[in-house]
Structure formats: C-alpha cells, structure tokens
Amino acid sequence: MKTDDLIRALNADGGYRTWSLRGIWLGSAVAATLVAAAIFMVLLGPRPDIADAAETVRFLFKFVVTLALVGSAFHLIQRLARPGAELGLSVSMLVIAPALLAVAVGAEFIALPAEQWKAFWIGNNSRVCLTYIPLIGLAPLAIFVAALRHSAPTRPGLAGAVAGLLAGGLSATFYAAQCNDDSPFFVATWYPLAIAMLVAAGFVMGRIFARW
C-alpha cells in the first residue's frame with residue numbers, strides 16, 4: 001500500500017482508527033512503565049537516602065528533566081506513527097529537556113567553585129549509569145517498537161530512534177531514583193550518553209521491525 005492510499009484509508013476509517021492508535025500507545029506506555037519499574041526494582045531499587053534526597057533541588061530536578069524528555073518523545077512518536085501527521089510542534093518540544101538542563105548547568109557553574117567542577121562532572125556512578133539506563137530501557141524499547149508495528153510510520157528508522165529516546169527517558173527517570181550523582185554536570189553528560197545507546201538501538205530496530 002502506498003502512503004497516499006494509507007492516508008485515505010485512515011481518513012475513511014475516521015474515529016475508530018484514531019482511537020485504535022491512541023489506545024495502542026496509551027497501552028504501550030502503561031506496559032513499558034510497569035516493566036521498567038519491575039526491572040528497576042529487581043536490579044537496583046531506590047537509593048537508601050531517597051527521603052532526604054527528595055528535599056534537595058538537584059535530586060528533584062533530575063526528574064523534571066527526564067519526565068520532560070518522556071513527555072516530548074511520547075508526543076512525537078505518536079505523530080510519527082501516523083503517516084502525513086504534522087511534526088513541527090512535536091519536534092520543537094524535544095528542546096524542552098535539553099534547555100532545562102542547559103540552564104541548570106549554567107547555574108551549577110555559578111554555584112560551585114571551579115575546583116569542584118571535575119569531581120561533580122565525573123561523579124561516582126558513570127559506569128553504573130551507562131550500564132543500567134540502557135539495561136532498564138531495553139524492554140520498554142521493545143514494547144514501543146512493537147507498538148510501531150501496529151501503527152503506520154513512514155520513517156521507521158526515525159520512529160525507532162524516537163522510541164529509543166522515549167525508552168531512554170523512561171529508564172533514566174527510574175534510574176535517577178537510585179543515582180546519588182545529582183549534579184547537572186553529571187546528568188548532562190552521562191544520562192544523554194546512556195540514552196543515546198537506546199536511540200541507536202531503536203533506529204536499527206525501527207528499520208528492521210517497523211517497516212510496512
């Protein structure tokens with residue numbers, strides 16, 4: 001089926017098809033969240049001092065960034081799942097999380113003495129971060145790629161990459177509850193590197209499994 005034919009079929013199908021796609025993605029989001037939570041609890045669990053950490057701005061800000069990424073990636077992937085959908089606003093929303101993080105990094109440069117910058121940047125858990133964010137995110141990525149198979153992405157590689165971004169944001173949200181490196185320096189360096197692994201995997205999986 002050509003793209004134009006598929007668009008006409010979706011339009012003819014009306015509200016049923018719209019609800020079907022929405023249901024697929026809402027269901028995949030719930031399933032991916034539950035699976036990520038289960039994997040996180042089995043492998044890591046929250047940090048022992050999470051109650052005290054929750055009273056600090058740096059700790060809470062990690063979730064602001066990761067949840068902003070989850071929200072923007074989820075919005076974009078639903079658009080990519082529909083052929084002919086307008087992407088402009090959805091793509092623009094991806095800037096929110098990096099922009100928030102850039103502001104926080106700038107504030108960290110001001111708040112910390114220069115001799116502490118390297119220690120806060122390297123942190124204590126860079127290897128853990130690079131290991132567990134991709135590990136927690138693999139199953140959610142598989143769920144989102146499966147949802148793409150039941151959608152109609154005309155750019156499966158791009159859609160798969162955004163699925164990886166979404167899975168990475170979700171995984172990073174859970175990992176942030178265990179990570180005791182709360183500095184924006186650390187988050188701006190190691191979290192994106194870990195999430196990039198899932199983006200690359202998603203691109204490959206999208207090209208293989210989400211084609212139609």
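Start by selecting Asp49: its relative accessible area is 34%, so it is partly exposed. That label covers the range between buried (under 20% relative accessible area) and exposed (over 50%), worked out with a 1.4 Å probe on protein chains only. Before you click on, keep in mind that this is a predicted model, where local features need pLDDT of at least 70 and side-chain atom pairs count only at pLDDT 80 or more, while totals for chains, interfaces and linings use all residues. Residues are numbered from 1 along each chain as its sequence is written, and side-chain values use heavy atoms, with hydrogens and water left out.

Arg47 and Asp49 make a salt bridge, meaning a side-chain nitrogen of Lys or Arg within 4 Å of a carboxyl oxygen of Asp or Glu. Their closest N and O atoms are 2.7 Å apart. Is Arg47 buried or exposed? With a relative accessibility of 8%, Arg47 is buried.

Next stop: Asp182. Here is another salt bridge to Arg47, with 3.1 Å between the closest N and O atoms. Look at where the two partners sit: Asp182 is in the loop between α9 (156–176) and α10 (184–209), and Arg47 is in the loop between α2 (15–43) and α3 (50–53), so this pair ties together parts that lie 135 residues apart in sequence. The helices in those names are DSSP runs (H or I, at least four residues), numbered from the N terminus. Asp182 and Arg47 are both buried.

Keep Asp182 on screen and select Lys62. These two form a salt bridge as well, their closest N and O atoms being 2.7 Å apart. Lys62 belongs to helix α4 (residues 57–80), while Asp182 is in that loop between α9 and α10, so you're looking at a link across 120 residues. Lys62 is buried, and so is Asp182.

Show the four side chains together: Arg47, Asp49, Lys62 and Asp182 are linked in a network of salt bridges. How many salt bridges does the count come to? It comes to 4.

The structure has 0 disulfides, a disulfide being a pair of cysteine sulfur atoms within 2.5 Å. Select Cys129: the nearest cysteine sulfur belongs to Cys179, 6.2 Å away, and Cys129 is in no disulfide. Cys129 is buried, at 0% relative accessibility. Click over to Cys179, which is in no disulfide either, and you'll find that Cys179 is buried at 0% relative accessibility.

Notes
Helix = DSSP H or I, 4+ residues; strand = E, 2+ residues; numbered from the N terminus.
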